[in-house]
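Subject: Handing over a structure

Hi,

Here is the structure I promised to pass on to you. Please open it first, and then read my notes below.

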Amino acid sequence: MEDVCEGKDFSFPSQEETILSFWSKIDAFNVLLERTKNLPEYIFYDGPPFATGLPHYGHILAGTIKDSVTRYQSRTGHHVTRRFGWDCHGLPVENEIDGKLGIKRRDEILEMGIDKYNEECRSIVTRYVEEWEKIVTRTGRWIDFKNDYKTMDFKYMESVWWVFSQLYQKGLIYRGCKVMPYSTGCKTPLSNFEAGQNYKTVHDPEIMVAFPIVGDPDNAAFVAWTTTPWSLPSNLALCVNANFVYLKVHNKYSVKIYVVAESRLSELPTEKPNKSKTKDSAAESFEVLDKFYGASLVGKKYEPLFNYFSEFSDTAFRVVADNYVKDNSGTGIVHCAPAFGEDDYRVCIGNQIINKEDQNLINVAVDEDGCFTGKITDFSRRYVKDADKDVIEAVKAKGRLVKHGTITHSYPFCWRSETPLIHRAVPSWFVRVEQLKEQLLENNKQTHWVPDYVKDKRFHNWLENARDWAISRSRFWGTPIPVWISEDGEEVVVMDSVETLERLSGVKISDLHRHNIDHITIPSSRGPEFGVLRRIDDVFDCWFESGSMPYAYIHYPFENVELFEKNFPGQFVAEGLDQTRGWFYTLMVLSTALFGKPAFRNLICNGLVLAEDGKKMSKKLKNYPPPMEVINEYGADAVRLYLINSPVVRAETLRFKKEGVYGVVKDVFLPWYNAYRFLVQNAKRLEYETSAPFVPNLMDLSKSNLDEWSSNVLDRWIYSATQSLVHFVRKEMDAYRLYTVVPYLLKFLDDLTNIYVRFNRKRLKGRTGDQTDCQAALSTLYNVLLTSCKVMAPFTPFFTEHLYQNLRKVLGDGAEESIHFCSFPQVEEGGRDHRIEESVARMMKIIDLGRNIRERHNKPLKAPLRGMVVVHPDEEFLDDIAGKLSEYVKEELNIRNLDTCKDPLKYACLRAEPDFSVLGKRLGKSMGEVAKNVKAMSQEDILAFQEAGEVTFVTKSGAAHCLKLTDIKVERKFKRPDNGMKDGEIFDAAGEGDVLVVLDLRDDESLFEAGAAREIVSRIQKLRKKAGLELEPTDVVEVYFESLDQDKSAIQQVLNSQESYIKDAIGSSPFIISLNMMPLHTVVLCEESFQGISNMSFKISLARPGEETT
């Protein structure tokens, strides 16, 4: 293995660039695909993003999840094709071109020409493809850009046609009219998903309008409320709630008589004369003339506000009833304009005011640009939202304005054009999703989601309330809907392929976009006298295109039939939480409609990545650091690990903090690197000392017995922990639970660096005098690092590759060229030792408890203590602590003696407390009685409970309640034993769970010299670091020590008695007691004087031998 630099000199970003060059040189990704081509297919669907903008942290997060899973699957016996995809059609592209060309109205596109407009769209679709490839590649993701798919590709579009034709043949397609969210800025309807993406708080007018009742003896008027005055010219009905009570009231100060809901009377204006100084309530201002249910109002006619739709007089301008009318706002009477309200349209259809086939409402009052048409003569060509004031003035001029005010509410805006949305009746082609509802819900049950609550709640609820899906858009840049209709509408032909269109039309097709096929006609099958069939103008909603991805990206069914049919549904998809109503939904709808199956088996749903301030990341606000800036500073692996070790992988939100990425470098990668560097340094030292190359013993339990491998307890422990790591990661990755995998991996790396390496430094440095033991320790560390790199490689592909390229140098010619070519480690039979793992975990608990006691009493670790007692009921564990683990405990806590005790009552009093947070809801009224019984448990009761794992209490009512270990907290309070400790002696204890640690804190002069020696060693090590001497093990540095005390006897005694410890602790550096012994030509590297250290003062110098000159 080659030498490695210090951690502070290691640049993670620059090393990642080196690895990228290495992968490119060996063509790693394509080599992997070629090597695995005969393995079972693992089908992964990559959702297509738009390439009209640059990738953000949300893309990097989803890409990291996808890359981690597919890297894992490719190393566990699968061939994983990974093709990048691009969403090329739809509003995002058209909106950019409209802005670029200054297009405001639909007719401007027609004047320009659809061909020129579409080619403008095509020209920007791939504008950022190179930047995407650069950034995605830089994040370490392996995916095929050269063999990508685009929704604008000829073959992709043909498969979309096929999907539509299949649905049409199944009777799942129909043409209808629907009131939909409509963007006047983009001149197209939006899906409910799109409409819900951009709500803003706005101030809108709210008015009450009088509608005189035809034939009413009191000349009363209905009072309706609206926040969209611009919709009043299209009013056709008034709607009440049949179950509400309504009042006919007379204003005491005027002749006006109104009908409103009883619960909304207070909203009417009082209209008290100006001379009056007091203000009456609505009840005082109005006299009730009559009281009745809403049902009695149904059918009553009223005088229209405007006469634009007088042709509907026979059926319209009457009262209808529906439960959508609520009594928490308005007047309890809703004005209905069926062309501009979803409920309005439904109610008017249901009451035969209009019929489904009646297209007179479409584009009659308001055009595609959101402007009034010539039919609405008083407001013609006015943008509807701008016309609100003029409409209100017109209502006022007619004497029909009852009340005028302003309302502040949340209102939807177009997510692309930032214009306010309106609801508008539009003709559209629909998929009968409601007909598929039960099958959709059943198919959802067959899928596995992480986290599962998104599937069981959010997605289930969305499917439960699914409506028919409007899949057509009256736009230009998209896949044309393949429907040809005769002039009389009697003949409809749906194309299922390009070949069908070519055969029927006699025209050769090379591109399927509108400007290349709109002119193509088909002769009527009924004869020449019936003319020709022409294609409808609409294109597909881009969600229909992306939902067709599992078929279209491989040009099914025209190609790859066997590949698709053997591997559908696909194995895996992963996108953000917002796609529950987007891509995940369209995938499920189309696969259910086509094949009666879900489109995917497994899904990981991530949450949203927000800026540090909790707001949406915004280029305008500059409230987040650019991704490449962070990657260039800390490395892509750090960004990857930061993202997937956060709540965002559990579909929660993450506030992105640059400092968090730095924390990953500091807390994960640097300790990991230092463990690796420590291995390399000491392997080089061993090579220097033995004059032979370091060749590790490779772990393989199938060939050798672990006892022959090493008898050291920590070797056996870390080997078992590594096997447990492999077992856990395989189990969790097979279940797609990345959020459990990464914390476990990080805990393992922490144990490796802070337990195995830290506790084994002497063995690894060869200071035990046993070269065979040193070889075993280094071999263990090598194997663990190699295995953990193979396990971590899917998550941190760069760093693991960097380590592997050096580690593989000792493996010989048989080593794989890249770590990503290595099979994922298997759990070796007999490799896991649960007892030793549990014992070491308890040992660390003991050490932590001992440290806590020291801190409470201000006893630093450098000060030796006489001893400690470990109390635990498990005799096997006590044997481990008193035997093979004792030296580690004593050294780490700096104690002389370690004793064990099996009797838990000798040093502690036990007290049981119920866990109210757990038991409160479960026990309810019985909680008080059960809690009293728990607190009354005797010492023996508590011990019996701990051994049995449960206890049952029967209340006075006869109810039995079984409590488990998690329901009761057992507290330990230290007590002096009946004998063996005298009053005045300083002892203290700390406990956790079933472990109690007792420390002897008495001062002992005999321990002074050992404590002083540790202080001296500590100063030497700090001086080495201060001098920048992170030395290679083979470097020779001399340490010179000189006492600065007048009485040097105390320090001399320390040096004499502790010389072997000091020399052993500072390693290969010679330790020379007197500065007078420093040769003349010695080069002093660093020196420092210390005062009052253990009541001693001294000077330490670090030096290298100099060369004598003659």
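Where is the place of P451? P451 sits in the loop between β15 (448-450) and α14, and the peptide bond that leads from V450 to P451 is cis, with omega near 0°. Helices here are DSSP runs of H or I with at least four residues, strands are runs of E with at least two, and both are numbered from the N terminus.

Before the rest, a word on the basis of these notes. This is a predicted model, in which local features need pLDDT of at least 70 and side-chain atom pairs count only at pLDDT 80 or more, while totals for chains, interfaces and linings use all residues. Residues are numbered from 1 along each chain as its sequence is written, and side-chain values use heavy atoms, with hydrogens and water left out.

Backbone details

There is another cis peptide bond, from Y556 to P557, with omega near 5°. P557 belongs to the loop between α18 (549-552) and α19 (561-566). N560 is found in the loop between α18 and α19 too, and N560 has a positive phi of about 55° although it is not a glycine. With 36% relative accessibility, N560 counts as partly exposed (buried means under 20% relative accessible area, exposed over 50%, and partly exposed in between, with a 1.4 Å probe and protein chains only). A651 is not a glycine either, yet has a positive phi of about 70°. You will find A651 in the loop between α22 (636-644) and β26 (654-655), where A651 is buried at a relative accessible area of 8%.

Domains

The domain assignment divides the chain into domain 1 (192-423), domain 2 (657-828), domain 3 (908-974) and domain 4 (1005-1104); such bounds come from an automatic or database assignment. The centres of domain 1 and domain 2, taken over C-alpha atoms, are 73 Å apart.

Sheets and a helix

β3 (residues 173-183) pairs with β4 over 2 bridges in the antiparallel sense, and P189 in β4 is the bridge partner of Y182.

Helix α3 (residues 57-74) has 18 residues and spans 25 Å from its first C-alpha to its last, close to the 26 Å expected at 1.5 Å a residue (the expected span is 1.5 Å times one less than the number of residues). Because 16 of the 18 residues of α3 are buried, this helix is largely enclosed by the rest of the structure.

Salt bridges

With a salt bridge taken as a side-chain nitrogen of Lys or Arg within 4 Å of a carboxyl oxygen of Asp or Glu, the count comes to 69. R467 pairs with E342, the closest N and O atoms being 2.7 Å apart. R467 is in the loop between α14 (452-464) and β16, while E342 is in helix α11 (residues 342-350), so this pair links distant parts of the chain, 125 residues apart. R467 is partly exposed at 40% relative accessibility, and E342 is partly exposed at 32%.

K658 and E633 form a salt bridge as well (2.8 Å, N to O). K658 lies in helix α23 (residues 658-690) and E633 in helix α21 (residues 627-634), so the pair ties together parts that are 25 residues apart in sequence. Finally, a network of salt bridges links D46, K66, R141 and E575.

Best wishes

Notes
Two strands pair if DSSP finds at least two bridges between them.
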